[in-house]
Amino acid sequence: MKKAKIVLLLLVLSFAQIYAQNFKFAVMSDSRGEVNGVNEPVLKSLIQHLLKNNPDLKFILFLGDLVDGTWHNSAKNFAQFKYWKKVMKEVYEDKSLVGPKVYVSVGNHEIRTPEDEKNFRKIFTGLPQNGPADEKGLTYSFNYDGVHFVVLDTDPYHYGDTKNTKGNHINWHKFLHPKWLARDLKKARAKGAKWIFVGGHEMFFPVGGHLRDGLANLGRGFKYPPDSTAKARLAVHHKLWKILVDNKVTAYMSGHEHLYAREKVDGIFQIIAGSSGAPVYDFNPTYDQGDKKKVGQEFTYEQALPYYKALGYNYGPGKNSQKSPDFFGVRAYHYVLFNVHPDSVSVKTFGMLIKKNTMTKTDSTIKLIDNFTIK
Ligand SMILES: [Fe+2]
């Protein structure tokens, strides 16, 4: 009898092992729009589709630019944060979601004054408070079912002259605490995390619309070869990326570029889930485009070349003008759904396609636009 009990216990344990790490989470970002700073119709359609089709969803990572924001009008900004939460009501009221339900990160549209930062913390409660001392509730990490998640504030407010309404945001497109990140990831690896997902608003490798910033942050009018300022910025970028590579991070997810894109760089997936309503850009210009610019592109091919050279992109005839040859991207309003299994993570992206030569027009239903597996 005792033997039968032990066998039963072992069976239960092995099933628990098999079914551990079988859960879903979604990644979204950039829902800013014109009414109270939010693109309500698009954001609402996406979350309704997500919740209806995934009753087993556990949480959402929402990676910045939730709202349009305003320059130095904190009361208006606060009202926009509240409005965004109202649009997301169905998510916040869904009882099957866990924790704060939405793990938000700061983009470059939320925090422009110390007051905004205070309001951000006031409205987005329940987020882990284990980040660096000056970044509590803005940079943090958490574990769910043996999987480690890190959310970075990649657009911190610069505590300089608060009366200076121009150029007072010089810490944008940066993450200021690489040591904290390295420690956090090392600890997670030591504890045996099978998968590690890191998210932040800014991407490492721009794919369209923001070649000049992101975490490489080369600036407008960048010339090749890099001068000492650009070299220093690239060194910071490489150092941060190396922390992710050294700790074998599964994927880095971001927003900021209003596109859907994924590629694998140094064994890590960079997944840009860049529009839940913000106007959709076009991808980096390619050689065959010549001096023509597409709608939502900032540079011609010639203007983009110095950036491609500095960032080590595939450029020239027949190349995709991206960091990796396996790049895949779609112009769509979308969300990315991750289904975590013990030995793989299946990723499905659903979205509404944007019409050619427009940034906002769609007559598409929400459909599957990408499907791949991380092993
Ligand atoms: Fe942004």
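Helix α3 passes helix α5 in a right-handed crossing. The model in which this is seen is a predicted one.

**Two helix pairs**

Helix α3 covers residues 74–87 and helix α5 covers residues 114–123; their axes come within 9 Å and cross at roughly 25°. An angle under 35 degrees counts as roughly parallel, so α3 is roughly parallel to α5. On the α3 side, the contact is made by Ser74, Asn77, Phe78, Phe81, Lys82 and Lys85. On the α5 side, Glu115, Asp116, Asn119, Phe120 and Ile123 take part. Sorted by class, the contact of α3 with α5 has 4 nonpolar, 3 polar and 4 charged residues.

A second pair is formed by helix α6 (residues 178–190) and α7, which pack at an angle of about 10° with their axes 10 Å apart. This angle is also under the limit of 35 degrees, and α6 and α7 are therefore roughly parallel to each other. Helix α6 contributes Pro178, Leu181, Ala182 and Leu185 to the contact, while α7 contributes Lys239, Leu240 and Ile243. The class count for the contact of α6 with α7 is 6 nonpolar, no polar and 1 charged.

**The nonpolar core**

Which residues touch the most other members of the largest nonpolar core? They are Ala26 and Ala273, in a core of 96 residues. Strand β12, which runs over residues 332–340, gives the most to this core, with 7 residues. In soluble globular proteins, nonpolar side chains tend to be buried together.

Leaving out residues up to four places away in sequence, alanine 26 touches Leu50, Leu57, Ile60, Tyr335, Val336 and Leu337. With the same exclusion of sequence neighbours up to four places away, leucine 50 touches Ala26, Leu57 and Tyr335. Leucine 50 and tyrosine 335 are 285 residues apart in sequence, but their C-alpha atoms are 7.9 Å apart in space.

**Buried or exposed**

Burial is judged here by counting other C-beta atoms within 10 Å: 20 or more means buried, 12 or fewer means exposed, and a count in between means partly exposed. The table applies this to some residues.

| Residue | C-beta atoms within 10 Å | Class |
|---|---|---|
| Leucine 259 | 28 | buried |
| Aspartate 65 | 28 | buried |
| Serine 321 | 24 | buried |
| Leucine 50 | 20 | buried |
| Lysine 264 | 17 | partly exposed |
| Glycine 316 | 11 | exposed |

Where is leucine 259 placed? Leucine 259 is in the loop between β8 (251–254) and β9 (260–265). Beyond four places in sequence, leucine 259 touches several residues, among them Val207, Gly208, Ile272, Tyr281, Phe283 and Arg331. Valine 236 is 23 residues from leucine 259 along the chain, and the two C-alpha atoms are separated by 25 Å.

Lysine 264 is in strand β9. Apart from residues up to four places away in sequence, lysine 264 touches Phe269, Ser324 and Asp326.

Glycine 316 sits in the loop between α8 and β11. From C-alpha to C-alpha, glycine 316 and glutamate 110 are 38 Å apart in space, and they are 206 residues apart in sequence.

**Backbone details**

Most residues other than glycine have a negative phi, and most peptide bonds are trans. Some places in this model depart from that pattern.

Aspartate 65 is not a glycine, yet has a positive phi of about 50°. Aspartate 65 belongs to the loop between β3 (57–63) and α3. What is the phi of serine 321? Serine 321, also not a glycine, has a positive phi of about 60°. Serine 321 is found in the loop between α8 (301–311) and β11 (328–330).

The peptide bond that joins tyrosine 224 and proline 225 is cis, with omega about 5°. Proline 225 lies in the loop between β7 (195–200) and α7 (228–246).

Note on methods
Residues are numbered from 1 along each chain as its sequence is written. This is a predicted model: local features need pLDDT of at least 70, side-chain atom pairs count only at pLDDT 80 or more; totals for chains, interfaces and linings use all residues. A nonpolar core is a set of buried Ala, Val, Leu, Ile, Met, Phe, Trp, Tyr and Cys residues joined through C-beta atoms within 7 Å. Helices (H or I, at least four residues) and strands (E, at least two) are DSSP runs, numbered from the N terminus. Two residues are in contact if their C-beta atoms, placed from the backbone, lie within 7 Å. Axes are lines fitted to C-alpha atoms, for helices over the stretch in contact, and angles run from 0 to 180 degrees between N-to-C directions. Angles under 35 degrees count as roughly parallel, over 145 as roughly antiparallel, 65 to 115 as roughly perpendicular and the rest as oblique. A crossing is left-handed if the near helix is turned anticlockwise from the far one by less than a right angle, and right-handed if clockwise. Ala, Val, Leu, Ile, Met, Phe, Trp, Tyr, Cys and Pro count as nonpolar, Asp, Glu, Lys and Arg as charged, and the others, Gly among them, as polar.
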